[in-house]
Amino acid sequence: MKVTDINIDQLLYTKPVSGHAYDRDEEGGGLFKKMFAKKEPEIPYFNTRVEQFGKDELYNDIKDGYDAYIVKGAPFETMVVLSKSFLIIPEQEIFPFYDIIRFAIKNPPYGERPYEQYAIDRFDEPYDPTYVSEYENEEGFELDRFNILLEITDENSLIYEYVIPMEVNDRKDFRAKFNERMAEIGVVDSSEDEVMEGRFPDDGGYGW
C-alpha cells in the first residue's frame, strides 16, 4: 500500500554502537590478553550511509516529497521510499539517484523463490501474518510471496540487488515514480512487465 505519513525519524533510525567488542577467539586468555583483544565495533552499513549523506540533509530531502510503499501489515523495515533524491530501504540502504544509470524491477531468480506455488495459490489475498498453510515448511512464505528484485546499476557498472516485498497493485506506481526521478538523468528502465502484473516467468498466467 502507498504510505503518506511516514515517520522520518524512524526511517532514518541508526542502531547504537557499543564502545568495543571482544574477539571471541581470544576469550579465556586472562585479563591482560583480553585488554589487547578488543576490536573496534562493527558499524552497521545503514549507519554509515546516513552519516555519509548527512541526517539533516536526508531529513530535508524527504520532507520535500516522497513516495513510500509497504505491504499492509508488514514490519516497518520492509518499506521502500523514493525521496526527492534517494532510494531508501530502512536499516539497509540509502542509494543516491545521481549514481544510477540503469534499474530493473524483476522477479527473484527461480532458485530463490521456493514460495512461487504458494504465491500463485494466494494470489489477490492480502498479507496475513497469522495465516497457517495446510502444507509444511510454508511458514515463511506469507511475506516472501510479495518479493520483487530491485536491480540497480551504478555509474561504474556495478550491480546492486535488493529483495523487497511489494504488493502487486503498487508496482506500476513505484516504477512510474522511479522513472519520474530518473527522467532528467536519462536512466534506462529494464523492468520486466510480467512482474508489474504479479506473474512469474514460466507459469503462463497470473502469479499472485
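This is a predicted model: local features need pLDDT of at least 70, side-chain atom pairs count only at pLDDT 80 or more; totals for chains, interfaces and linings use all residues.

**Notebook: sheets, rings and a pocket**

I started with a sheet of 4 strands, which is open, has mixed pairing and runs in the order S10-S9-S8-S11. At its edges I found S10 and strand S11 (188-189), each of which pairs on one side only.

Next I looked at how S9 and S10 are joined. Strand S9 (residues 147-154) runs antiparallel to S10, and 7 bridges link the two.

Then I turned to another open sheet, with 5 strands in the order S1-S4-S5-S6-S7 and antiparallel pairing. The edges here are strand S1 (2-3) and strand S7 (93-96); each has a single partner strand, so one side of each has no neighbour in the sheet.

Inside that sheet I checked S4 against S5. Strand S4 (residues 67-69) pairs with strand S5 (residues 80-82) over 3 bridges, in the antiparallel sense. For Tyr-69, I found Val-80 in S5 as the bridge partner. I also saw helix H3 (residues 45-53) packing on the sheet, where it touches strand S6 (86-89) and S7. The direction of H3 makes about 40° with that of S7.

On to the rings. My search of the whole structure gave 10 aromatic pairs. One that I wrote down is Phe-95 with Tyr-160, an edge-to-face pair at 5.2 Å centre to centre, with 70° between the planes. Why does this pair tie together parts that are apart in sequence? Phe-95 lies in strand S7 and Tyr-160 in strand S10 (residues 159-165), so the pair links parts 65 residues apart in sequence.

Last entry: pockets. The largest pocket has a volume of about 240 Å³. I counted 13 lining residues, and those nearest its centre are Asp-124, Glu-125, Phe-146, Glu-167 and Asn-169. What classes make up the lining of the largest pocket? I get 6 nonpolar, 1 polar and 6 charged residues.

How values were computed: Residues are numbered from 1 along each chain as its sequence is written. Side-chain values use heavy atoms; hydrogens and water are left out. Two strands pair if DSSP finds at least two bridges between them. Contact means heavy atoms within 4.5 Å. Axes are lines fitted to C-alpha atoms, for helices over the stretch in contact, and angles run from 0 to 180 degrees between N-to-C directions. On a 1 Å grid over the protein atoms alone, a cavity is a set of points where a 1.4 Å probe fits but cannot get out, and a pocket is an open set with protein on both sides within 12 Å along at least five of seven lines; lining residues have an atom within 4 Å of a point. Grid points are joined across faces, edges and corners, and a volume is the space filled by probe spheres set on the points. Ala, Val, Leu, Ile, Met, Phe, Trp, Tyr, Cys and Pro count as nonpolar, Asp, Glu, Lys and Arg as charged, and the others, Gly among them, as polar. Rings of Phe, Tyr and Trp (its six-membered ring) pair if their centres lie within 6.5 Å; planes under 30 degrees apart count as stacked, over 60 as edge-to-face and the rest as tilted.
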